[in-house]
Amino acid sequence: MAIGSNLRDRFANLKSARARLTELQEIQAPIRSSFIYETDPVGCERGAPTFFNAVVEFDYDASPLSLLRQLREIEEALGRPGKHPRNVSRLIDLDILYFADQIVNTGELQLPHSRMTERRFVLEPLADIRPDLILPKQTETVAVLLARLPASPSVNRTAEQW
């Protein structure tokens with residue numbers, strides 16, 4: 001799962017989201033967490049502040065749609081409106097990247113995430129925790145997919161620690 005924030009205290013927003021995840025009954029420990037990356041906004045409004053992005057991975061004992069609903073509740077509890085416009089600055093953004101080897105394509109959820117393999121700000125933190133993972137619909141590891149992306153000075157590991 002990807003976590004992102006580009007408003008107010010971005011680090012505190014990421015930490016709060018991860019803390020709330022640990023409270024979900026269906027999540028099984030451990031929660032594996034990437035480093036935190038500071039990244040330029042992609043597709044956001046002009047002048048949008050930089051993001052803090054990270055990836056966390058955990059086992060979940062319910063359906064992907066159940067997880068999606070719980071993530072939306074966490075976002076709202078942390079101050080993100082339920083009807084937040086796409087691709088604008090946000091306090092918190094929680095996205096399911098993949099759910100084991102499941103492929104889901106509904107109006108509400110697409111798994112694996114449709115653009116994750118094109119985004120360094122997703123693959124770089126994912127490679128921190130699962131470089132050898134082969135995602136559904138892919139034949140190569142996360143590390144290989146990341147190596148194929150163009151280098152980007154706009155994705156930088158921060159000194160912030162979880």
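**View 1. The second largest pocket takes the largest share of its lining, five residues, from β4.** This is a predicted model, where local features need pLDDT of at least 70, side-chain atom pairs count only at pLDDT 80 or more, and totals for chains, interfaces and linings use all residues. Residues are numbered from 1 along each chain as its sequence is written, and side-chain values use heavy atoms, with hydrogens and water left out. The pocket has a volume of about 250 Å³. Its lining has 13 residues, and Phe-58, Asp-59, Tyr-98, Phe-99 and Ala-100 are the closest to its centre. By type, the lining splits into nine nonpolar, no polar and four charged. Nonpolar here means Ala, Val, Leu, Ile, Met, Phe, Trp, Tyr, Cys and Pro; charged means Asp, Glu, Lys and Arg; the others, Gly among them, are polar. Strands (E, at least two residues) and helices (H or I, at least four) are DSSP runs numbered from the N terminus.

**View 2. The largest pocket holds about 920 Å³ of space.** A pocket is an open set of points on a 1 Å grid over the protein atoms alone, where a 1.4 Å probe fits and protein lies on both sides within 12 Å along at least five of seven lines; lining residues have an atom within 4 Å of a point. Grid points are joined across faces, edges and corners, and the volume is the space filled by probe spheres set on the points. Of the 39 lining residues, Arg-86, Asp-93, Asp-95, His-113 and Arg-115 are the closest to the centre. The largest share, four residues, comes from α2. The lining divides into 16 nonpolar, eleven polar and twelve charged residues.

**View 3. A search of the whole structure turns up one aromatic pair.** The ring centres of Tyr-60 and Phe-99 are 6.1 Å apart and the planes sit at 80°, so this pair is edge-to-face. (Rings of Phe, Tyr and Trp, its six-membered ring, pair if their centres lie within 6.5 Å; planes under 30 degrees apart are stacked, over 60 edge-to-face, and the rest tilted.) Tyr-60 is in strand β4 and Phe-99 is in the loop between β5 and β6, 39 residues apart. Both Tyr-60 and Phe-99 are buried. Buried means under 20% relative accessible area, exposed over 50%, and partly exposed in between (1.4 Å probe, protein chains only).

**View 4. Ala-62 sits in the loop between β4 and α2.** Ala-62 is partly exposed, at 29% relative accessible area. Leaving aside neighbours within four places in sequence, Ala-62 is in contact (heavy atoms within 4.5 Å) with Glu-26 and Phe-99.

View 5. Most residues other than glycine have a negative phi, and most peptide bonds are trans. The Ala-29 to Pro-30 bond is cis, with omega near 5°, and Pro-30 is in strand β2. The Leu-111 to Pro-112 bond is cis too, with omega near -5°. Ala-100 has a positive phi, near 55°, and counts as exposed at 59% relative accessibility.
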